[in-house]
Amino acid sequence: MHKKNKTLGEFIIENQDSFQYSSGELSKLINAIRLACKVVNHEVNKAGLVDILGAAGDTNIQGESQQKLDVLANEKFIQTLKNREIVCGIASEEEDDFISINSNDEKHQNKYVVLIDPLDGSSNIDVNVSVGTIFSIYRRVTPVGTPVTLDDFLQPGREQVAAGYIVYGTSTMLVYTTGYGVNGFTLNPAIGTFYLSHPDMEFPESGTIYSVNEGNYIHFPQGVKDYIKYCQQEEGDRPYTSRYIGSLVSDFHRNMIKGGIYLYPKSSMASNGKLRLLYECNPMAFIAEQANGKASNGYGRILDIEPTQLHQRVPFFCGSKKMVEKAEEFMKASNS
Ligand code: AHM
Ligand code: MG
């Protein structure tokens, strides 16, 4: 059991030896992400001032054009990781292709690649509702000193060495795992320091919250419709409560603390749903499993999917173990 109140910096140093490969490189990388988070947090918190400072597309007083927040977050993350020369490659939901960072230079021995969704929950950005950042870290599979290739990024989620998210909510929190449980840190904005506030986070085995965009109900597969009806039936601890922020990180975070399930199924409009396997589902699935939860595409484990494309989408059922298993039962029963 980790003790509360230590800083993220202290936590990273204390736990360095428990990493699978304890060269210190992963610790440095988590530190770089911590820094990038603070930079993005600063931008997110200024978002409401956009009307005063100039809207996206305008040119500001210095002659710089204003950018949309998700584009800005993307740039800040990539810039911070690039400047620290700590990874050999980055893939981002905001970029068409992956970025190689000095990976063909023999001097650069960096082993890790990072995949990020710099600002997730795009529909919430302009309306002052929580958004998040999601990151995922793998060891490259090609030799160091050679250029990174697509193979370094298209690894199944079970190969992740670390994953995490930042939720820009009523307070800013960074939650991450390196494969030894999940810990949450809250930012004290006055001094810019993250403190361990949520040690050893775990999903309750079951819960009473379901999170899904029910506006798409008629387009859902029969198994999902049946499961939603099950959630609404009056029996035992049901009907469940419906809570949907429309920001994966926030819905996930609440469900992990209170117990619940998040669903983004396939539909007759989108055959693989909406969420991206590499930038959204794999990292959240790794965190869920590390927190005693479960993540599925409706039929099987998310982390075992062999990716074929950087931006591929996948149906996503994630949360308290028993609830995800129940939803899978309905999928199977209806042959959806
Ligand atoms: P984004 O990457 O464009 O922000 O989309 C991902 C988001 C998730 O955070 C959220 O759960 C989902 O899209 C909401 O989608 P919808 O508005 O279709 O319910
Ligand atoms: Mg996203």
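## Getting oriented

Helices (H or I, at least four residues) and strands (E, at least two) are DSSP runs, numbered from the N terminus. With those labels in hand, keep in mind that what you're looking at is a predicted model.

## Who surrounds the ligand

Let's start with ligand 1. It sits in the second largest pocket, with 15 residues around it. The closest of these are Asp120, Tyr244, Leu248, Tyr262 and Tyr264.

What kinds of residues make up this shell, by class? There are five nonpolar, five polar and five charged residues. If you'd like to trace the shell by strands, look at E3 (112–120) and E11 (260–264), each of which supplies at least two of its residues.

## Polar contacts

Now for the oxygen atoms of ligand 1. A polar atom in the side chain of Asp120 is 2.5 Å from one oxygen atom of the ligand. Gly121 comes in with its backbone instead: one of its backbone N or O atoms lies 2.8 Å from a ligand oxygen. Then there's Glu280, with a side-chain N or O atom 3.1 Å from an oxygen atom of ligand 1. As for cover, ligand 1 on its own would expose 470 Å², and the protein buries 83% of that.

Most peptide bonds are trans, and most residues other than glycine have a negative phi. Here are two spots that go the other way.

Arg238 and Pro239 are joined by a cis peptide bond, with omega at about 5°. You'll find Pro239 in the loop that runs between helix H6 (222–232) and strand E10 (241–242).

Which way does phi go at Asn5, positive or negative? Positive, at about 85°, even though Asn5 is not a glycine. Look for Asn5 in the segment before helix H1 (8–14).

Notes:
Residues are numbered from 1 along each chain as its sequence is written. Chains are lettered from A and ligands numbered from 1 in the order in which they are written. This is a predicted model: local features need pLDDT of at least 70, side-chain atom pairs count only at pLDDT 80 or more; totals for chains, interfaces and linings use all residues. Side-chain values use heavy atoms; hydrogens and water are left out. A residue is near a molecule or strand if one of its heavy atoms lies within 4 Å of it. A polar contact is a pair of N or O atoms within 3.5 Å; within protein, one must be able to donate a hydrogen and the other to accept it, and residues adjacent in sequence count only if both atoms are side-chain atoms. Accessible areas come from the Shrake-Rupley method with a 1.4 Å probe; for residues, only the protein chains shown count as cover. On a 1 Å grid over the protein atoms alone, a cavity is a set of points where a 1.4 Å probe fits but cannot get out, and a pocket is an open set with protein on both sides within 12 Å along at least five of seven lines; lining residues have an atom within 4 Å of a point. A molecule sits in a cavity or pocket if more than half of its atoms lie within 2 Å of its grid points. Ala, Val, Leu, Ile, Met, Phe, Trp, Tyr, Cys and Pro count as nonpolar, Asp, Glu, Lys and Arg as charged, and the others, Gly among them, as polar.
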